[in-house]
Amino acid sequence: MASPLAPTSSARRGRRYRWGLKITPYTYVAPFFVLFGAFGLYPLAYTAWLSLHDVQLVELNALSWTGLGNYDDLLTSPRFWKATLNTISIGVISAVPQLLMALGLAHLLNYRLRGALMWRVASLVPYATSAGAAALFFQFAFSRDFGLVNWALHSLGLGPVDWEGGTLSSQLAVSAIVIWRWTGYNALLFLAAIQAIPQERYEAAALDGASRRQQLLYVTIPGIRPTIVFTIVISTIGSIQLFGEPLIFGGGSQAVQGGADGQYQTLGLLLYQTGWANGNAGRASALAWLMFLLIILIALTQAVVARRARRR
Amino acid sequence: MNPGGALRVTTTVASALALAVATTSCDSSDGPASGRVTIRISTFSNMGFNTSGLFEEYERLHPGITIEEDNAADEATYWQALQPKLSSGQGLGDIVSVEVGRIRTIAGSKAGMFADLSQAPGVRADSFYPWKWDQAEAEDGRVLGLGTDIGPMAVCYRKDLFRQAGLPTQRDAVGDLWAAGWERYVDVGERFQKQTEDKSLRFMDTGNGLYNAMIFGQTTSYYDSSGKLVHDSNPGVRRAYDLAARANASGMTARLQQFQTNWRKSFSAAKFATVVCPSWMLGQISQAAGPGGEGQWDIARAPAPANWGGSFLTVPENSEVRGEAEKLAAWLTDPAQQAKTFADASAGNFPSSRTAAAGPSVAGTRSRYFSDAPVGRIFGAAAKDMPTLNIGPDQGLITNAISSGLTRVEQQGMNPDESWRQSLGEVESAIGKD
């Protein structure tokens, strides 16, 4: 009487096998999607929900519906527009020189140098330095009364600059921290891309009498265009989310204001101030979404521009 | 056939689950079940309990009790981390320290979450300054916080800088200079700037400390007795702002932001002559000015009594060891312990217990660093005549916004009226709760 049993059992096993075959790949990738759902998608949706309510951080369960009220408050507040302009201006004065310097640095690092490894490591050191250590140094460097930079200016016969007090001076100082931190990182990205360019092109260019500068312009840059677009996108996103560097620069508990006049308050700092110092969770969520939309908008613009450039 | 198929599915699911569980659960606390009681207390900056050895002493007196302190470096950071815990009611620990600027949030919308400490064993209401006791009282009459310290104010000054400007150096004579009011203090500043030989010297660190002294020396500043916001219509607030702005615009300030690195460094460089100092600032001044400043600094009385800062201990209702936590909170704020905290010079926290303040060990305290000044007597006198200030939930936010306005006048040369209007706008957008 084993025969009637056997087909059922093997059919069940077969079904289980097919089922297992179908489900296994999904379970392999499940950890990512479970984590993404818990730590990516859920916060995004929850933030969107909060942004439509009047809600305080100390009372997250007491929601009262305001629709787009928080967005309206933000778009009519001078602090928001000031922070937006600051974010853009700091972004431009930090990202442009940063990427140009990184490109030049990568180009140099690509040549046979004595102690090449040492130079490459050295260029990555700022990126690896902890924010706390950098904070100590930059507060010291840009201090008005006891600072390294003002001391150097003084020895050149120039008056002391109140780095934190002024709008341009504070934004320059913050940009300097950003440039210091990220140039080496971008240079290494460029270097990796440059090393994928066939060496023969350089040799051919050299045979044709191209100088190093011409090699950079006509061999290197066309060869790593996708990487350049990538770093531009990444530094744009980084600029819009800029938070750590201005906080480091300000130091102390008042730093979230980005100076007494908000002269170097970025959107990231304003978000933190709104949500954590002022405890207004609803409006901070709305601000987070506005920043998210801004990033998408800029990324789309860049994609369109990049496609146009490629077609040409 | 692939008998391993199903098994593989289970292990993958299991590992995914394990990962998810591992990332979410991180709660393991010693309950009373383990035979020992662990009391978790969260504090900020230097509240003096640890440095004066009170935790060790309590553990010695009560075998089986372990105290775990979770300390945050500054109050702003501390409060930022505390807010979500207050929202969920989870992870608050057993004793939560609360600064006076936040106590109305605790005793207001969060009152249901905290235990009534007026009935805790060993607590005597009449040993505290009455105004301090009342600050932590909820609407239903429960008292949710026991006062640790208060911040009565005086004026710390450098004798050598006063001498070279031809001003008196004796602490009583210096106090007489501005006995008529804070306006006189700024007048003396003008005299100082005129008479000082070294023109790089400044009379005070910043006018923002002066602003605090005036705001915290009134019965009504930002909130009236019914709890209504009056910060923009109360003439007392505007008077404090105007005087501080006058000092900030006049060049008699060193243009420093209090508690920042620059401010601390300036003490050792001796670039300014006075700082309006609550008692808890003495420890910071002596550390910042270093051994070189010993005997140079002295303390004169302020023209009017005022209280800046000070904290409370609260016990969440849902603490697993609530009874023990209440006992510890009561013991830490007992007059005897408050006197010990004051004696610890690194904190210099003045007692919120009037019994402790009147006791010989506090009243008779002199500070060697500050030219042997009778700190117990000076701050005790200021604390005794303290007006009861109506405080509200957004006390700290409003002070912040108006202080920024003063800093704009001081560091960016903004017009005081314009800066005032900007501050009012910032208060509105910061509170934005209606």
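I checked the size of chain B first: a compact globule of 434 residues would have a radius of gyration near 22 Å, and chain B has 25 Å, which agrees. The radius is taken over C-alpha atoms, and the globule rule is 2.2 Å times the number of residues to the power 0.38.

This is a predicted model, where local features need pLDDT of at least 70, side-chain atom pairs count only at pLDDT 80 or more, and totals for chains, interfaces and linings use all residues. Residues are numbered from 1 along each chain as written, chains are lettered from A and ligands numbered from 1 in written order, and side-chain values use heavy atoms, without hydrogens or water.

I boxed the C-alpha atoms of chain B along the principal axes and got roughly 100 × 50 × 45 Å. I found 19 helices and nine strands in chain B; these are DSSP runs numbered from the N terminus (helices H or I, at least four residues; strands E, at least two). Of the 434 residues, 58% count as buried (under 20% relative accessible area, 1.4 Å probe, protein chains only).

Next I looked up helix 10 (residues 235–250) and helix 19 (residues 416–431) of chain B. Their axes come within 11 Å and cross at roughly 135°. Axes are lines fitted to C-alpha atoms over the stretch in contact, with angles from 0 to 180 degrees between N-to-C directions. I noted the contact residues (heavy atoms within 4.5 Å). Helix 10 of chain B gives Val237(B), Arg238(B), Tyr241(B) and Ala245(B). Helix 19 of chain B gives Pro416(B), Asp417(B), Ser419(B) and Trp420(B).

Definitions and conventions: Buried means under 20% relative accessible area, exposed over 50%, partly exposed in between (1.4 Å probe, protein chains only).
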